[in-house]
Amino acid sequence: MISALIDLTPADDGGLAARLTSRLRELIATGSLGKGRALPSSRRLAGDLGVSRNTVSYAYEQLAAEGYVEASHGRRPVVTVDGGERSAGTGAAVARGRSAKPRLSPWALNLGQTDWPMSYQASLKPLRPGHGDFREFPNEVWARCLRRSAVRATRRELGPVNRTRLREVLAHYLATSRGVRATAGQILILPSAQAALTLIAATVLAAGDEVWVEDPGYPGAAAAFRASAARVTGIRLDEQGMQRMPGLAAPKLIFMTPSHQHPTGRLMSLARRTEFLNLSRSGRTWIVEDDYDGEFQYDSRPVPALQGLDAHGRVFYVGTFSKVMTSEIRLGYLVAPPALASTLEIAQRHIGLIAASHIQEALAEFIADGHFLAHLRRMRRLYRARRDHLVEELERQLGGMLSVEVPPGGIQLVARLKRGRTDHAAVKRLVAAGIETRALSGLALGRPRDHGLLLGFAAWRESEISAAVRTMASCF
Ligand SMILES: Cc1ncc(COP(=O)(O)O)c(C=O)c1O
């Protein structure tokens, strides 16, 4: 009986008649109601479905108008198309596509290997790690830069994908603030740091290449390298950061966050930096330095980037504006090794990882006019105080449960669970209570050795931090 195939439970679309039309259309398109099949009379179907006859008549008329059925007065409508014959793009093809399992490319299949929750989609709750305080961003100043840039756009010629002015101011800023040695031509402006990692993987990695990443580490990096079918090995950390594993042959690429290890916040020692740079000198190993929040160092003068120590052009330097400004801005950059700059730029255009020109121009002005550094200075003071406040609150209210590692910089910290608890259960309880945190064990590549919570402090005012820690204390 056809009525058994029809479920008219309200969905998000219009009225009953529209739902009935849509369901019948789908049954015809998928071949469930084959060509030549006579549909029930409108009176009969209306009775079976418990709807008015007008509703069914409307559906039949609509299907006739669309060519799915032939209806003549006084006779039952007859299906005129065969679901199996219809061409691509029609309802039938779409419906078949839905039921058949799509065959994916090797790249897409490799995406599934990493369970990596993208954090910038849902609404922000305390104490989600990885964010600065958007409320402190000078929106009015930024809006003026954007406006001026948009107005100038009508007079601008179609320029290069990486805007010259932004490359120049960025080269100057990176040299003076982070010790990065690069010409403007080595800098690619991208929609995110993640885009830089994908671009690097696409450009230098072949299937089966060995890649070392920090363990625990940033899951987005492992995801980008695995998608390129690289073999990703997690390298353990000690107090000096990532350590060279004796007995392991030099890999094709090493990914690291030396200024502020993600997630532990540790600073890589100069001895370690030199050791890895020496390894890369053979010419077979690339280093990717992700300086995602290297601007935020609180307890000493910022340690310069490792890239500045590289005399052999083996380091890719990756940065993002999503921590220093706001993640909404969707801008990052890549300083390419000189020998790869033009190949990477071609790859950038092929993949289409191009940031909007007027935003690039606005950012160039924002930096050149001193607004960027002023904001950074203010945020350094604010975030340092917030870090200290979170540490104090955790020690005061949860000192028996958690041991806090005070990071010398960054926007988040790790609090390890005492007494052999597992972090996933704690995270679940906290999330249910409105506290967003990440399990340290979830950032491990292999078997997790440590259990703890990754807690953000930069995005939250001191009163919000105190309230959040009170809630945490009630959950333990
Ligand atoms: C270590 C690290 N690198 C890169 C990124 C990504 O930055 P973007 O938002 O620009 O892709 C993040 C974001 O959380 C991060 O923690």
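Okay, let's start with one side chain: Ser 149 reaches the backbone oxygen of His 358 with its side chain, at 2.6 Å. That is a polar contact, meaning a pair of N or O atoms within 3.5 Å, where within protein one must be able to donate a hydrogen and the other to accept it, and residues adjacent in sequence count only if both atoms are side-chain atoms.

Before I go on, a word on where this comes from: it is a predicted model, where local features need pLDDT of at least 70 and side-chain atom pairs count only at pLDDT 80 or more, while totals for chains, interfaces and linings use all residues. Residues are numbered from 1 along each chain as its sequence is written, and side-chain values use heavy atoms, with hydrogens and water left out.

Back to Ser 149. It is found in helix α6. When I say helix or strand, I mean DSSP runs numbered from the N terminus: H or I and at least four residues for helices, E and at least two for strands. So is Ser 149 buried or exposed? Its relative accessible area is 0%, so Ser 149 is buried. The cut-offs are under 20% for buried, over 50% for exposed, and partly exposed in between, with a 1.4 Å probe and protein chains only.

Now the helices around that serine. Two packed helices are described by the angle between their axes and the distance between the axes. For α6, residues 139–153, and α12, the axes come within 8 Å and cross at roughly 130°. That makes α6 oblique to α12. Here, axes are lines fitted to C-alpha atoms, for helices over the stretch in contact, and angles run from 0 to 180 degrees between N-to-C directions. Under 35 degrees counts as roughly parallel, over 145 as roughly antiparallel, 65 to 115 as roughly perpendicular, and the rest as oblique.

The crossing of α6 past α12 is right-handed.

Which residues of α6 meet α12? On the α6 side they include Trp 142, Cys 145 and our Ser 149, and on the α12 side they include His 358, Ala 362 and Phe 366. Contact here means heavy atoms within 4.5 Å. The residues of this contact of α6 with α12 divide into eight nonpolar, two polar and four charged. For that sorting, Ala, Val, Leu, Ile, Met, Phe, Trp, Tyr, Cys and Pro count as nonpolar, Asp, Glu, Lys and Arg as charged, and the others, Gly among them, as polar.

Asp 369 is partly exposed, at 45% relative accessible area. Along the sequence, Asp 369 and Cys 145 are 224 residues apart, and C-alpha to C-alpha they are 9.8 Å apart in space.

Helix α1 (residues 16–29) and helix α3 (residues 53–66) pack at about 50°, with axes 9 Å apart. They are therefore oblique to each other too, and their crossing is right-handed. Among the residues that meet are Leu 20 and Leu 24 in α1, and Tyr 58 and Leu 63 in α3. This contact of α1 with α3 divides into ten nonpolar, three polar and two charged residues.

Another serine, quickly: Ser 280 lies in helix α10, residues 270–280. Ser 280 counts as buried, at 1% relative accessibility. Its side chain reaches the backbone oxygen of Leu 277 at 2.7 Å. Leaving aside neighbours within four places in sequence, Ser 280 is in contact with Thr 285, Ile 287 and Arg 314.

Now some backbone details. Where are the cis peptide bonds? One joins Pro 126 and Leu 127, with omega about -5°, and Leu 127 sits in the loop between α5 (106–111) and α6. Another joins Asp 215 and Pro 216, with omega about 0°, and Pro 216 is in the loop between β4 (210–215) and α9 (219–227).

Then look at phi, where Ala 229 is near 65°, a positive value in a residue other than glycine. Ala 229 is in the loop between α9 and β5 (231–238), and it's partly exposed, at 30%. Arg 330 also has a positive phi, near 50°, in the loop between β9 (315–320) and β10 (332–335).

That's my tour, thanks!

Notes: A crossing is left-handed if the near helix is turned anticlockwise from the far one by less than a right angle, and right-handed if clockwise.
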